[in-house]
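I opened the notebook to look up who packs against whom in this model. Entries follow in the order I made them.

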Amino acid sequence: VVRYCAYHGTNVSAAGSIMATAFRKSTQSDAWLGCGVYFWEEKNVAHWWCRQALRLSSYGIIEATIEVATGTLWDLQTKEGFRLYRDLCDEIKKKRPPHLDGKMIGEGTIIDLFCSSVREMDVVVSNMPDTSRRKYDWSKNIPDRRVIFCVRNTDCIKELRVAYHDY
């Protein structure tokens, strides 16, 4: 089992709801790493996310322990994890129907496809996606290493704590 301490930043109402009940998985089809609950490795990045990316004036940050079996952890930061992802992309390109040529398929869609049809992964971890595609104003005060977790199986989320609240 691998354990991580990670941070989820969100609006005040959602933070209160999460602490009272539990996390709900995002099902957005355009999510970076597929459907799941998103966390940052560093608390200061969760602060940045709330203030800059979400443009929230008040927010909460929840600290959680994430526990995942190594066999259900897809770490895209490793050579093996990234190679699996690239091989999957190459296979999709080969079998792509003509009507989809030229249309972009996002990372999250590819990860969701793999997890639903080949092997379910409980947690996907990666560095922050290429910022040139995003419209956010990146701060020079956040660390170069922006690690993001997508927890696909919410049973992996343990020991919730309020790390910051601005209520």
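**Entry 1: Y85.** I listed the contacts of Y85, leaving aside neighbours within four places in sequence. Y85 is in contact with W74, L76, E107, I110 and I111. I kept in mind that this is a predicted model. Y85 sits in helix α3, residues 79–95. Is Y85 buried or exposed? Its relative accessible area is 9%. The cut-off for buried is under 20%, so Y85 counts as buried. I also checked the spacing to W74.

**Entry 2: I111.** Next I took I111, one of the contacts of Y85. Not counting residues up to four places away in sequence, I111 touches W32, L33, W74, L76, Y85, V124 and R152. I then asked which residues of α4 are buried. I noted G108, I110, I111, D112, F114 and C115. What do the buried residues of α4 pack against? I found β4, α3 and β5 (123–127).

**Entry 3: aromatic pairs.** How many aromatic pairs does the structure hold? I noted ten. I looked up W32 and W40, which form an edge-to-face pair. Their ring centres are 6.3 Å apart, with 70° between the planes. Both W32 and W40 are buried. I then turned to W74 and F114, whose pair is tilted. Here I read 4.7 Å centre to centre and 50° between the planes. This pair links distant parts of the chain. W74 is in strand β4 (residues 73–75) and F114 in helix α4 (residues 107–117), 40 residues apart. W74 is buried, as is F114. I also noted one aromatic cluster, formed by W32, W40, W48 and W49.

**Entry 4: cores.** I looked up the largest nonpolar core and found 29 residues in it. Which residues have the most contacts inside this core? They are W32, L33, W40, W74 and I111. The largest share is six residues, from α2. A second, separate core has 19 residues, including I18, F39, A64 and V68.

**Entry 5: backbone angles.** I turned to phi. Most residues other than glycine have a negative phi. I noted R55, which is not a glycine and has a positive phi of about 55°. R55 lies in the loop between α2 and β3. At a relative accessible area of 59%, R55 is exposed, because the cut-off for exposed is over 50%. E159 has a positive phi of about 45°, and E159 is not a glycine either. E159 lies in strand β7. Its relative accessible area is 51%, so by the cut-off of over 50% E159 is exposed.

**Entry 6: surface.** I stayed with strand β7, which spans residues 157–165 and holds L160.

Key
Residues numbered from 1 in each chain as written. Predicted model: local features only at pLDDT ≥ 70, side-chain atom pairs only at ≥ 80, totals over all residues. Heavy atoms only, no water. Helix = DSSP H or I, 4+ residues; strand = E, 2+ residues; numbered from the N terminus. Buried < 20%, exposed > 50% of the residue type's maximum accessible area, 1.4 Å probe, protein only. Contact = heavy atoms within 4.5 Å. Phe/Tyr/Trp six-rings, centres within 6.5 Å; stacked < 30°, edge-to-face > 60°. Core = buried A, V, L, I, M, F, W, Y, C linked by side-chain atoms within 4.5 Å.
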